[in-house]
Amino acid sequence: MAETPPVPAPDNETSGLTRRRLIGTVGAAGATGLVVGAAGGAATTALVRDEPPTPLSAVGSTRVGFRGPHQAGIVEPLQAHGQLVAFDLAPGAGAKEAAALLRRWSAAAEKLMAGEPVTSGGAPDTGIALDAGPSSLTVTFGFGAGFFDRTKLTDRRPAALAPLPEFSNDALESGRSGGDLWVQIGADDALVVVHALRALRREVGDAARQRWQMAGFNRARGATDRPRTTRNLMGQVDGTNNPAPADEDFDGHVFVPRGGDSRSPAWMEGGSYAVVRRIRMLLEKWDEQSTARQEAVIGRRKSDGAPLSGGQERTPMDLEKQNGEGELAIPFDAHARVSAPETSGGATMLRRPFSYHDGIREDGAEDAGLLFIAWQADPQKGFVPVQRKLDRGDALSRFIRHEASALFAVPGGPGEGEYVGQRLLEG
Ligand SMILES: C=CC1=C(C)c2cc3[nH]c(cc4nc(cc5[nH]c(cc1n2)c(C)c5CCC(=O)O)C(CCC(=O)O)=C4C)c(C)c3C=C
Ligand SMILES: [Fe+2]
């Protein structure tokens, strides 16, 4: 079937992230690449809703390509649902078992991202997504530092994958940090995400054990009336000053260059490094602050994300501007000022987070915050210098706790006939 151009997803866009990986939309249920439930999608819908069936919308039919220079799930617009899962290789599993797992995972991910069912070792598809389209599903795979020891590929471990330094504000839980292997799953439908999660987990077999899992969400496509950057659970517009793929130096900031560089071997060409931080928001304390105080903490207006130096959301911050009292309009310790490349020696990362809300903790506080995911060509030129500065003097740090941390080398996207990580495991 000839694929139609992708349908824009205005309310999911973040800072002009393009949909360049989106290979198109597929037509109404029954079209190539879509799977209709055993009883027929139309009949099922009519039975449940007592109304005529609606055609598959852009939300369900948007499909992202699995193959390409970069893995999917880095530059695509934020999806409404996500699962982050880390695994450790099983005792006794080495490079051979890891390569077989990555081969199985890649085959499954390609089918899942096309909206197709996945059978596993003779077991039929679980059926969880049988009547859904691909729903912008992306599956992304990464390697933690321990992977290279367990597979005896230590000499191929990138220098850029060195452990992150400790920060004074960290309260990290080891059980929810680190991991040999990482899978990021995102889609605009929750069942599509869980379908992918279960299909990929079934492929693991004896090769690895799950270490941790985190579920997240963003605003759903169609939930707002015009293009907007997403909001986080503090109510802030979050993502405005992300680098955009159209920026001249975007690839240099986010992806490892052709042939690698001094801190990344050639097998990482087209790849990126994902810093994953589970950051709890102290929401009760945050809610006690006036809106003016909350805005001063970030340096931007809560209503529309405009900088406190004036203008609209996309107006560049004027870091010198003073208010009527002769104070800096964007305070000295405002989060947006402290983290900006202009004040951090040009350090740049692409932030692509999910929010999370896991209920109430034992101390009665909300267990909610941000699954912060930062993408960069080298963490030493992105996350690390910025977090060092934030750790020293960020007004936001009084309202957040970093509770889990991981760093993964995410290799480039697979070429035709390749599996993800093949250049590492067979190169
Ligand atoms: C080390 C990197 C960063 C961490 C950790 C971090 C946590 C964090 N941030 C917000 C909310 C906002 N951040 C904003 C901007 C912003 N944040 C970082 C880096 C980290 N944030 C950067 C590099 C920037 C961009 C700075 C710039 O160039 O202007 C904003 C403002 C809007 C925007 O540009 O996105 C908000 C809001 C939270 C809630 C949080 C931890 C929970
Ligand atoms: Fe931030």
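**Exercise 1. Determine what percentage of the protein chain's residues count as buried.**

Solution. The model is predicted. The protein chain has 427 residues. A residue is buried if 20 or more other C-beta atoms lie within 10 Å of its own. By this count, 48% of the residues are buried.

**Exercise 2. State how many helices and strands the protein chain has, and what share of its contacts joins residues at least 24 apart.**

Solution. The protein chain holds 11 helices and 11 strands. For the contacts, take pairs of residues at least 6 apart in sequence; 77% of these join residues at least 24 apart.

**Exercise 3. Find which residues of the largest nonpolar core touch the most other members.**

Solution. The core has 94 residues, and Leu-112, Met-113 and Ala-196 touch the most other members. Helix α3 (residues 95-113) gives this core its largest share, eight residues. Next, list the contacts of Met-113, leaving aside neighbours within four places in sequence: they include Arg-63, Val-64, Phe-66 and Ala-72, and also Pro-134, Leu-137, Thr-138 and Val-139.

**Exercise 4. Describe the shell around ligand 1 by residue, element and class.**

Solution. Of 26 residues around ligand 1, those that come nearest are Gln-236, Thr-240, Asn-241, Ser-339 and Gln-387. Two or more shell residues come from each of β7 (272-281), α9 (335-339), β10 (366-376) and α10 (383-393). The largest share, four residues, is from α10. By class, the shell has 13 nonpolar, 10 polar and three charged residues.

**Exercise 5. Give the helix and strand content of residues 71-218.**

Solution. An unreviewed UniProt entry lists residues 71-218 as "domain: Dyp-type peroxidase N-terminal". Over this range the chain is 27% helix and 22% strand. The end C-alpha atoms are 21 Å apart.

How values were computed
Residues are numbered from 1 along each chain as its sequence is written. Chains are lettered from A and ligands numbered from 1 in the order in which they are written. This is a predicted model: local features need pLDDT of at least 70, side-chain atom pairs count only at pLDDT 80 or more; totals for chains, interfaces and linings use all residues. A residue is buried if 20 or more other C-beta atoms lie within 10 Å of its own, exposed if 12 or fewer, and partly exposed in between; C-beta atoms are placed from the backbone. Two residues are in contact if their C-beta atoms, placed from the backbone, lie within 7 Å. UniProt positions are given in the numbering used here, feature names are shortened, and annotations may be inferred rather than shown by experiment. A residue is near a molecule or strand if its C-beta atom, placed from the backbone, lies within 6 Å of it. Ala, Val, Leu, Ile, Met, Phe, Trp, Tyr, Cys and Pro count as nonpolar, Asp, Glu, Lys and Arg as charged, and the others, Gly among them, as polar. A nonpolar core is a set of buried Ala, Val, Leu, Ile, Met, Phe, Trp, Tyr and Cys residues joined through C-beta atoms within 7 Å.
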